[in-house]
Amino acid sequence: MGDNVKEIFITNVGDIPGYIHFREQRLVFGGQICCCPDYIELTPGSYQAFSLQYRSPCVGEFTEEIRFHIVESEETLKFILSGRVRSVSLEFCSPLIDFGNVSFGFPVSRTLEFHSNSPDPVSFLIRVDGDGRESPLTYEDYLSAPYQEMSAPPCPREFLVEPERGVVQPGCSARIKITLTCNRLRMGHIEKKNNLWTVSPERGIVSPNSSLDLTLSVNLMNAGPVTSAIHIHVKHSEKLKVKLMASGIGYSIRTEPSII
């Protein structure tokens, strides 16, 4: 997400006061431009500045024509705003969080650190997919009510992330603590989603009437079928979706003899 602020200074070179307004328009390359203030009044020989903030969810270069309207003369002032929206980049120090064997109702904490390679501050919000919304049952709950029957909630929130959200400055790192309070009997692992499927190259340019080959690699941790999808973002066009299917094959072990 691009987010930048630029100032435009405008001078009244005429002989009478004048009002100038910012005109909102639909942008060619998408995104949004916010102008503060919406209008200014200029006396002869004076100047003031408009602050323009450009935001766009699209990564890449852009060129937009910005218009201002002079009330008294009904003239339109135009200028070109161009630049490049940079993508944010966060790298995790470890792709896997291993809690090992955990006991029902006993909290276990792990630390996860990630680093920002982005030239701009990066806001983050961390959620655990499939986690519930109810407070989990802990061993302390059993100790506080030893003679009552207690059961885990049907939809427990087993993972607590601290801090859950924040901002990482350019070139800096952040550390979060993830606490698991198990309320379900199961085995599993948590890993970054983008480590399952790897796409190469991740970005590129397709020349007119030509093709581009993408290489997809999959790393399956368990046996069985897996389905997913990748989204291909095409600049100034609709997003493409490609369904992915794979099947993990487990080890085959045979003993000799089969009967002892």
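User: What stands opposite Arg23 in β6?
Analyst: Arg67 does. This is a predicted model, where local features need pLDDT of at least 70, side-chain atom pairs count only at pLDDT 80 or more, and totals for chains, interfaces and linings use all residues. Residues are numbered from 1 along each chain as its sequence is written, and side-chain values use heavy atoms, leaving out hydrogens and water.
User: How many bridges join β2 to β6?
Analyst: Four, and the strands run antiparallel. Strands here are DSSP runs (E, at least two residues), numbered from the N terminus, and two of them pair if DSSP finds at least two bridges between them. β2 also pairs with β4, again antiparallel, over four bridges.
User: New topic: what about aromatic pairs?
Analyst: The whole structure has ten. Rings of Phe, Tyr and Trp (its six-membered ring) pair if their centres lie within 6.5 Å; planes under 30 degrees apart count as stacked, over 60 as edge-to-face and the rest as tilted. One of the pairs is Phe114 with Phe124, edge-to-face at 5.1 Å centre to centre and 80° between the planes.
User: Is Phe114 buried or exposed?
Analyst: Buried, because its relative accessibility is 1%. Phe124 counts as buried too, at 11%.
User: And which residues do ring pairs link into a cluster?
Analyst: Phe22, Phe50, Phe68 and Phe79.

How values were computed
Buried means under 20% relative accessible area, exposed over 50%, partly exposed in between (1.4 Å probe, protein chains only).
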